[in-house]
Amino acid sequence: MTNAKDLVHELATRKAVTRLLPVLGIAYFMSYVDRTNVALAKTALAADIGLSAAAYGLGAGLFFVSYALLEVPSNLVLYRVGARLWITRIAVTWGAVSAAMMFVANEWSFYLLRLLLGAAEAGLFPAMMYMVTLWFSQKHRVAVVGLIYTAPCIATIIGSPLGGALMELQGVGGLHGWQWMFLVEGLVTILVGAVVWFFLPGRPADARWLTKDEAAALTEHAVGQNAPSPTKVRGNLRLAFGRSTVLLLAGIYFINQAIGGGIGFNFPAFIQSLGLDSPFLIGLVAGGGGITALAGVLFFPWLKGRIGNEVPLIALCAGAVPFILVGFLLSDSPVWSVGLVFLYNFFAFGTLPLFWSVAMSRMSGLMAAAGLAFINMVGITGGFAGPYGYGLVEDATGSLLAPYYAFAVAAVVAVALVPVLARSIRRDAVGRHDSTPVDQPTEVLS
């Protein structure tokens, strides 16, 4: 039977979903647009400044090097200064650097600005995941993270065609189309920073649209009883970075991001190789992958609410990827090939809310700030390895398809890690002194 405190928590959760997630979503939307719009510019950069496939792949991947190196420090600063100030800083600086991409003139300026862009944006995603641990109970987190992941999906659906449309401004004002794309999207991101500053409360207690009882209910239910929560990283490095479950999550995420980054940053060029030459049409087709990704991040959290366990669904998603990639390699139909990439997005994106729910259930407080950033740091280096490796293999073979063989092998490794992760999770559960009730399906987010 639902008591008065539970009703207060349910109402407060509804408020948080409707008031907090749109602000986080618009920030994540623009980060994904600014991070991936370079894929639309790949062919134009080759023509206008002579950027080779390997140089493009290196530059695309360098973003993730500086991003990864600064993940943990960024989230530790966020823990000290608060989410509102730090996420605002992130948005403004990455918007400025994204706009400055219009000044790329050669491979070295391309490398430098991609490194700066990664440094500016570092910490945004783990900051959002950390905020989820402050605002939402474990039973709501899969659905909440799924809603957050709708932002990059929508960014793919809308952002790619809009980026393609901006590139149609070729020659206007004496600028290349890709210069207009970087400039406009960077300026919009700076405006998003202002939105974050005025509308994002860092903790439930800071939200003027919550009553005192509602804020207290959110905080009480979010903290949990089993996740380790030391107040200092020193002396607790194993809790944040060294547990087997954390390392396995990081490894699986690394492979996920390597494959996704390698495909995503080169998919527009693959579409162009099929005969499309309009930047807008290329962006429109590439954006179609966001529709299936959106379906995945909504469907799998819903399914988890019915079965109550993330790990079998993670295994299902990971297991589908090798078959999809092999099917892509064997296909001789352009339409079927594009469709298989879209299907890949359904499973690869669909597993991510489940993945982060498992991670969040095992840490809180400062350990959540450090541990979630660590997982993202290790995983996001895959965003470097994927595009860079793709470029090297493409240059060596002259084939856009050759890198997919390496991706298929990596996907098999990820599948093999999932049962190991399941055993590690069971060991964690046995080792707990306290137990929490199994989450029941909730109507709050339905």
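Reader: Where does Gln257 lie?
Author: Gln257 is part of helix α12, which covers residues 244–264. Please note that the model discussed here is predicted.

Reader: Is Gln257 buried or exposed?
Author: Gln257 counts as buried because its relative accessibility is 15%, and buried means under 20%.

Reader: And what is Gln257 in contact with?
Author: Setting aside neighbours within four places in sequence, Gln257 is in contact with Gly262, Gly379, Ile380, Gly382 and Gly383.

Reader: New topic. Which residues form the nonpolar patch on the surface?
Author: The patch is formed by Val77, Val81, Leu85, Trp197, Phe198 and Phe199. Together they have about 560 Å² of accessible area.

Reader: Which helices each supply at least two residues of that patch?
Author: Those helices are α4 (71–81) and α9 (177–199). The largest share, three residues, comes from α9.

Reader: Why does Phe198 count as exposed?
Author: Phe198, which has its place in helix α9, counts as exposed because its relative accessibility is 58%, and the cut-off for exposed is over 50%.

Reader: How many aromatic pairs are there in the whole structure?
Author: A search of the whole structure finds 24 aromatic pairs. One of them joins Trp178 and Phe182 in an edge-to-face arrangement, with 6.2 Å from centre to centre and 70° between the planes.

Reader: Where do Trp178 and Phe182 lie?
Author: Both lie in helix α9, four residues apart, which is about one turn of the helix. In general, an α-helix has 3.6 residues a turn, so residues three or four places apart point the same way.

Reader: Is Trp178 buried or exposed? And what about Phe182, buried or exposed?
Author: Trp178 counts as buried, because its relative accessibility is 1%. Phe182 is also buried, with a relative accessible area of 1%.

Reader: What kind of pair do Tyr404 and Phe407 form?
Author: Tyr404 and Phe407 form an edge-to-face aromatic pair, with 5.9 Å between the centres and 75° between the planes. Both residues lie in helix α20 (residues 403–431), three residues apart, about one turn of the helix. Tyr404 and Phe407 are both buried.

Reader: Which residues form one aromatic cluster?
Author: One aromatic cluster consists of Tyr28, Phe125, Tyr149, Tyr253, Phe355 and Trp356.

Reader: Which residues of α5 are buried?
Author: The buried residues of α5 include the two tryptophans Trp86 and Trp94. Also among them are Ala83, Ile87, Thr88, Ile90 and Ala91, as well as Gly95, Val97, Ser98 and Ala99.

Reader: And how many residues does α14 have?
Author: Helix α14 has 29 residues and reaches 43 Å from its first C-alpha to its last, close to the 42 Å expected at 1.5 Å a residue. Just after α14, Gly308 takes a positive phi of about 80°.

Reader: What about Leu276, where does it lie?
Author: Leu276 lies in the loop that runs between α13 (267–273) and α14 (279–307). Leu276 counts as partly exposed because its relative accessibility is 29%.

Reader: Which residues does Leu276 touch?
Author: Not counting residues up to four places away in sequence, Leu276 touches Ile271, Leu281, Ile282 and Val285.

Technical notes: Residues are numbered from 1 along each chain as its sequence is written. This is a predicted model: local features need pLDDT of at least 70, side-chain atom pairs count only at pLDDT 80 or more; totals for chains, interfaces and linings use all residues. Side-chain values use heavy atoms; hydrogens and water are left out. Buried means under 20% relative accessible area, exposed over 50%, partly exposed in between (1.4 Å probe, protein chains only). Contact means heavy atoms within 4.5 Å. Patches are made of residues with over 30% relative accessible area and no salt bridge: like charges are joined within 9 Å, nonpolar side chains (Val, Leu, Ile, Met, Phe, Trp, Tyr) within 5 Å. Accessible areas come from the Shrake-Rupley method with a 1.4 Å probe; for residues, only the protein chains shown count as cover. A salt bridge is a side-chain nitrogen of Lys or Arg within 4 Å of a carboxyl oxygen of Asp or Glu. Rings of Phe, Tyr and Trp (its six-membered ring) pair if their centres lie within 6.5 Å; planes under 30 degrees apart count as stacked, over 60 as edge-to-face and the rest as tilted. The expected span of a helix is 1.5 Å times one less than its number of residues.
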